[in-house]
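Biologist: I would like a close look at one part of this protein, please. Start with a single residue, then lead me on from there to other places worth a look.

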Amino acid sequence: MSLPVTAFHAASASAATLPPSPEAISAVIGALAASFGNRLVTSQAVRHQHGHTLTWIPTQAPDAVVYPQSTDEVSEIVKLCAKHGVPVIAFGTGTSLEGHVNAPFGGVTVDLSQMKRIVAVHAEDLDVTVEAGVTRKELNEHLRDQGLFFPIDPGADASLGGMAATRASGTNAVRYGTMKENVLALTAVMADGSVVTTASRARKSSAGYDLTRLLVGSEGTLGIITEVTVKLHGIPEAISAGVCPFPSVQAACDATIVTIQSGLPVARIELLDDVMIRGVNIHSKLGLPETTMLFVEFHGSEVGVKEQAERFGEIAAEYGGGPFDWATKAEDRSKLWQARHDAYWAARALRPGTESVATDVCVPISRLAECVEETKRDIEESGLIAPIAGHVGDGNFHTQPLVDLDNEDEVERCRAFIDRLVKRALAMDGTCTGEHGVGQKKIKYLELEHSAATLDVMRLLKRSLDPQNILNPGKIIAL
């Protein structure tokens, strides 16, 4: 299915970058084939898979995909590509939503999925070091018997390296923070093939520049993350979760704001509007009332979670919400949160045959209700089907317009809606993306969010660390 020219997938890559010559590509592929054998793949199907994300951006396939099994092998690949000026695109599990893994200039995709070692668990220090290809579910399965868990939960079973590269967040962020707060140290391969480790396992340090935070969220444009050391937490003694209906998005957001401002230690507080609930009912067969709902979870002691759930119920009632039905059985909680994690696919069930254009913004929590309400009105006035879900405990919400890409008028209405959504969030002291990242789709909005001087510093960092612009070119910042 082709994308109409009116879509906002314009040339988002750096004008200073040119595709490598056929001779350079041939030389790199030949050398990689000699070193990696059948772990170097050039088939069209595999290349297409690695140049396509869950967006309406057309597929931009790399020239080859290689599967390293160690940091040294990643270093070897990058050194070879640097020698010939060939782009290198890191790939985790391909779950990003803003065009992070597309290859607009071709080159080599480095698929880190075979780097699966759990290097070391330090239970007494509550941290673990893993290779980049370990997924969050694999890590938590490994940790379960030790009474520990890794809390960052973006929904998809993303890899830890990819989660660090995109500064992932998720349903637990309101209590446990995002990847930014949970990554202690990284090992990364830089643009010349050199290998750096950014920090020790110490919980705080004043020793030099914070390279960990620089690389977290850099989307593979400054270095390729090959190992991650992250914080762990003890599995709570008790967990309670439940759903609470509200008469409107405004009421649900206001209840969320009061819950956070009152200091109630909520672990998860997720909003799904009535449209999204309809999709969840179709996809996950939950049979929920088709109204705005909050999905809520508390962690702590048996007494603590009971008190917290009761207090939340009281807050909800003040805003016309309720009843708050909560459960402590693991199977009931799992069914509930699986439905929330499947919201992307549930939304698509509302209009089969269309494309999902998922995007997100984040605003200060005091502006959340206003922003979501205005967005709901905008969706209705635009004539779009665009369910809303969000990690509203930190002011972050997602909308997912479902668009017929063969209908130019509809594509244009969606483009204009997303543009207004981002500008609305920025006008409320928010950001163009709370957790999806910039990738290709939101490059232009950085110019609205940041000053020219700030963007110049970003460009200086990119040019200094990657002078050939071979690391994931065309993402985050236009050079």
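**One residue, then onward**

Modeller: With a relative accessible area of 64%, K285 is exposed. "Exposed" stands for over 50% relative accessible area, "buried" for under 20%, and "partly exposed" for what lies in between, using a 1.4 Å probe and protein chains only. The model is predicted, so local features need pLDDT of at least 70 and side-chain atom pairs count only at pLDDT 80 or more, while totals for chains, interfaces and linings use all residues. Residues are numbered from 1 along each chain as its sequence is written, and side-chain values use heavy atoms, leaving out hydrogens and water.

Now find K285 in the loop that links α10 (274-284) to β14 (292-300). Helices (H or I, at least four residues) and strands (E, at least two) are DSSP runs, numbered from the N terminus. Although K285 is not a glycine, its phi is positive, about 55°. Most residues other than glycine have a negative phi, and most peptide bonds are trans. N472 is not a glycine either, yet it has a positive phi of about 45°. It sits in the segment after α17 (452-465) and is buried, with a relative accessible area of 3%. As for peptide bonds, the one joining G322 and P323 is cis, with omega about 0°. You will find P323 in the loop between α11 (302-318) and β15 (325-327).

Next, look at a helix. In α4 (residues 136-143), the buried residues include R136, L139, N140 and L143. Down the axis of α4, its buried residues fall within an arc of 95°, so they line one face of the helix; the arc is that of the directions from the helix axis to the C-beta atoms. An α-helix has 3.6 residues a turn, so residues three or four places apart point the same way. The buried residues of α4 pack against several elements, among them β5 (118-122), β6 (127-131) and α12 (330-341).

One last stop is about confidence. The protein's mean pLDDT, the predictor's confidence in each residue from 0 to 100, is 92, and 96% of its residues reach 70 or more. Over residues 1-16, however, the pLDDT is below 50, and beyond near neighbours in sequence this stretch has 37 contacts in the model, a contact being heavy atoms within 4.5 Å.
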